[in-house]
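Me: I have a structure open on my screen and would like to walk through it with you. Could you help me read it, one question at a time?

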Amino acid sequence: MQQQHRRVPVWDPFVRVSHWSLLLASIVVWGSAEEQAWLHEQTGYFILALIGLRVLWGLIGSRHARFSDFLYGPEKTLAYMKRLGAGRPQSYLGHNPAGGWMVVALLCAMLAAGASGVLMGTGDPEFWEDLHEGFANLTLFLVVVHVGGVLLSSLLHEENLIRAMWTGVKMRRDADV
Amino acid sequence: MSEQHINRASWLFVALLLVAAAVIFQGWGPAALADDHERAHALRDAGDVMPLSELLRRPELAGQRILEAELEDEHGRRVYELELLGSDGRVHERYYDAVTGSPVKHDPGD
């Protein structure tokens with residue numbers, strides 16, 4: 001076989017659309033937090049709806065969209081982190097173990113931010129407002145780590161993961177797949 | 001499921017996301033997008049709410065230090081939420097009905 005690289009479909013359309021929609025919605029929800037209640041609240045509901053669909057798709061969706069494809073136990077995750085620390089992490093076609101847990105952490109943090117935001121209209125507004133801001137800040141922190149992880153992974157494996165999340169395709173040598 | 005079915009299901013989920021967006025943002029328009037200050041001014045100018053300056057003439061608010069004033073929509077009822085700095089150095093919150101100017105109980109959420 002002379003063919004060196006193969007285009008492998010990895011991320012299905014919904015994974016890609018939901019990923020970039022979530023980024024856009026997060027920017028809008030952050031920017032509208034202080035002065036634009038309507039836009040902030042509606043965008044918050046949109047994010048909650050998106051998370052609901054993404055979780056459902058994580059159960060029934062395409063191979064690499066499923067939680068079962070990218071949630072690894074503590075052993076595999078630690079082994080991955082060790083090799084990452086040594087600068088030569090194992091390559092995964094879908095999410096690597098660290099990336100997989102980041103997906104879950106981000107979904108949980110945004111879900112908690114959304115839920116506490118909805119609950120600000122009930123009971124003790126101060127209490128929910130503090131929680132809401134806490135989870136929003138946690139989400140921002142996770143996003144920074146997420147982007148750092150994507151850039152690091154892209155460098156170490158010499159592949160453009162940002163483009164892969166846009167096109168859905170990764171390049172692989174025949175031997176890799 | 002076959003590759004083709006998965007792909008179709010994926011686009012179905014994209015469509016569901018678009019439907020959700022259409023429902024959630026259906027009230028989209030200049031009024032909805034105006035920032036909260038503009039909205040408050042529009043309500044005041046239309047006579048729908050009492051101006052804040054008039055509310056602040058209430059005897060128990062005279063001479064108080066106001067840290068923050070917000071006009072909020074609590075389940076269809078417009079409420080002024082005031083943060084006051086008390087003489088004891090602590091911050092107090094008070095709520096007033098924005099139409100009548102009468103005090104409402106501490107937790108307008110209930």
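Helix 4 of chain A and helix 5 of chain A are oblique to each other.

Me: Happy to start there, in this predicted model. At what angle do helix 4 and helix 5 of chain A pack?
Reply: Two packed helices are described by the angle between their axes and the distance between the axes. For helix 4 (residues 74-85) and helix 5 of chain A, the axes are 8 Å apart.

Me: Which residues of helix 5 of chain A meet helix 4 of chain A?
Reply: From helix 4 of chain A come A:Lys76, A:Thr77, A:Tyr80, A:Met81 and A:Leu84. The residues of this contact divide into six nonpolar, one polar and one charged. On the helix 5 side, the partners are A:Pro97, A:Ala98 and A:Trp101.

Me: Let's step back to the whole chain. In what order do the elements of chain A run from the N terminus on?
Reply: Chain A has seven helices and two strands. Its C-alpha atoms fill a box of roughly 65 × 30 × 25 Å along the principal axes. From the N terminus on, the order is β-α-α-α-α-α-α-α-β.

Me: Is A:Phe70 buried or exposed?
Reply: A:Phe70 sits in helix 3 (residues 67-70) of chain A. Leaving out residues up to four places away in sequence, A:Phe70 touches A:Gly94, A:His95, A:Gly100 and A:Val103. A residue needs 20 or more other C-beta atoms within 10 Å to qualify as buried. Because A:Phe70 has 21 such neighbours, it counts as buried.

Me: And A:Glu158, is that one buried or exposed?
Reply: A:Glu158 is found in the loop between helix 6 and helix 7 (161-167) of chain A. Its phi is positive, about 50°, although A:Glu158 is not a glycine. Most residues other than glycine have a negative phi. With 6 other C-beta atoms within 10 Å, A:Glu158 is exposed.

Me: Which residues touch the most other members of the largest nonpolar core?
Reply: This core has 18 residues. The elements giving two or more residues to it are helix 1 (13-31), helix 2 (37-60), helix 5 (97-118) and helix 6 (125-157) of chain A, together with helix 1 (3-24) of chain B.

Me: Now the meeting of the two chains. Which helix of chain A gives the most to the side that touches chain B?
Reply: Across the interface, 24 residues of chain A are in contact with 18 residues of chain B. Helix 1 and helix 2 of chain A each supply at least two residues of the chain A side, and that side divides into 13 nonpolar, nine polar and two charged residues. With 10 residues, the one that gives the most is helix 2.

Me: Last one: what distance separates the centres of the two domains of chain B?
Reply: Chain B is divided into domain 1 (1-29) and domain 2 (34-110). Taken over C-alpha atoms, their centres are separated by 41 Å.

Methods
Residues are numbered from 1 along each chain as its sequence is written. Chains are lettered from A and ligands numbered from 1 in the order in which they are written. This is a predicted model: local features need pLDDT of at least 70, side-chain atom pairs count only at pLDDT 80 or more; totals for chains, interfaces and linings use all residues. Domain bounds come from an automatic or database domain assignment. A nonpolar core is a set of buried Ala, Val, Leu, Ile, Met, Phe, Trp, Tyr and Cys residues joined through C-beta atoms within 7 Å. A residue is buried if 20 or more other C-beta atoms lie within 10 Å of its own, exposed if 12 or fewer, and partly exposed in between; C-beta atoms are placed from the backbone. Helices (H or I, at least four residues) and strands (E, at least two) are DSSP runs, numbered from the N terminus. Two residues are in contact if their C-beta atoms, placed from the backbone, lie within 7 Å. Ala, Val, Leu, Ile, Met, Phe, Trp, Tyr, Cys and Pro count as nonpolar, Asp, Glu, Lys and Arg as charged, and the others, Gly among them, as polar. Axes are lines fitted to C-alpha atoms, for helices over the stretch in contact, and angles run from 0 to 180 degrees between N-to-C directions. Angles under 35 degrees count as roughly parallel, over 145 as roughly antiparallel, 65 to 115 as roughly perpendicular and the rest as oblique.
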